[in-house]
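Morning, everyone. I have one structure to walk through today. Please have the viewer open.

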Amino acid sequence: MNQEKIGKFIASCRKEQGLTQAVLAERLGITDRAVSKWENGRSLPDASIMPELCDLLKINLNELFSGERVAMENYNETSDALLLEMKKQEELANKKLLSLEVVIGYMASITFLVMIFVASYVDMPAWVRVVMIAVGASAFAVGVTNCLKIEHDAGYYECPECGEKYVPEMKTVVMARHIGTSRKMKCPYCGNKAYHKKVLTK
Ligand SMILES: [Zn+2]
């Protein structure tokens with residue numbers, strides 16, 4: 001996305017609608033400094049106010065992202081570019097989530113092992129031993145639960161038989177046997193039961 005082009009486009013649409021930076025800012029409930037920053041190409045509007053901004057400027061989201069008016073015949077081409085951009089963003093977000101899963105998984109396992117090791121080899125009263133094992137086990141349980149939740153939320157599972165990508169129920173993910181992030185599940189589309197691979201985007 002070309003931030004500078006988008007900024008100039010916002011400025012020209014704003015003037016077309018006879019709005020000053022201050023009036024536009026007031027209608028959006030933000031500061032006129034923010035509007036001036038977009039128009040100078042120093043920042044982009046927050047996704048949350050984009051729909052309202054488009055409404056006020058009488059443009060669509062597609063045009064906002066491309067920084068120009070889009071003629072109807074070019075419309076599909078541009079929305080493809082937009083979809084591609086959104087797909088890239090989704091892939092990036094899912095990649096980050098999955099690396100977080102690995103970190104949480106390791107931390108939970110290490111905590112568990114250290115607690116068990118210390119409880120087994122260090123001399124201490126029996127009740128301390130029990131507490132340490134309990135703490136280690138719950139750290140492990142919380143870690144595993146979070147990992148499963150992340151794995152469920154990030155991306156999709158792909159059926160090798162029909163190629164459909166889907167998000168299974170949390171319960172199904174928890175119960176399924178797995179190799180890495182591939183899980184043995186039943187495809188909701190064709191009923192094939194096999195190891196379904198984790199993929200980052202649809
Ligand atoms: Zn299938």
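C162 is partly exposed, with a relative accessible area of 36%. This is a predicted model, so keep that in mind throughout. C190 is partly exposed too, at 37%. C187 is another matter: that cysteine is buried, with a relative accessible area of 3%.

Look at the spacing along the chain. Take C162 and C190 as a pair: they link distant parts of the chain, 28 residues apart. C162 sits in the loop between β1 (156-158) and β2 (165-166). C190 sits in the loop between β4 (182-186) and β5 (193-199).

That brings us to the strands. In what order do the five strands of the open sheet come? The order is β2-β1-β5-β4-β3, with antiparallel pairing. At the edges stand β2 and β3 (178-179). Each has a single partner strand, so one side of each is left without a neighbour in the sheet. Zoom in on β1 and β5. They run antiparallel and are joined by three bridges. Y156 stands opposite V199, which belongs to β5.

Next, the other cysteine question. How many disulfides are there? The count comes to zero. The cut-off is a sulfur pair within 2.5 Å. Take C54 as a test case. The closest cysteine sulfur to that of C54 is in C13, at 9.1 Å, too far for a bond. C54 is also buried, with a relative accessible area of 4%.

Now the aromatics. The structure holds two aromatic pairs. In F112 and F140, the ring centres are 4.9 Å apart and the planes are at 25°, so this pair is stacked. The limit for stacking is under 30 degrees. Where do the two partners lie? F112 is in helix α6 (residues 75-121), and F140 is in helix α7 (residues 126-153). The pair therefore ties together parts that are 28 residues apart in sequence. F112 is partly exposed, with a relative accessible area of 25%. F140 is partly exposed as well, at 31%.

The other pair is F117 with Y121. Their ring centres are 4.9 Å apart, but the planes are at 45°, so the pair is tilted. Both residues lie in helix α6. They are four residues apart, about one turn of the helix. Buried or exposed, these two? Both F117 and Y121 are exposed.

Last, zoom out to the whole chain. The chain is divided into domain 1 (3-70) and domain 2 (89-199). How far apart are the centres of domain 1 and domain 2? Taken over C-alpha atoms, 43 Å separate them.

Quick recap before the discussion. Over to you.

Conventions:
Residues numbered from 1 in each chain as written. Predicted model: local features only at pLDDT ≥ 70, side-chain atom pairs only at ≥ 80, totals over all residues. Heavy atoms only, no water. Phe/Tyr/Trp six-rings, centres within 6.5 Å; stacked < 30°, edge-to-face > 60°. Helix = DSSP H or I, 4+ residues; strand = E, 2+ residues; numbered from the N terminus. Buried < 20%, exposed > 50% of the residue type's maximum accessible area, 1.4 Å probe, protein only. Domains from an automatic or database assignment. Pairing = 2+ DSSP bridges.
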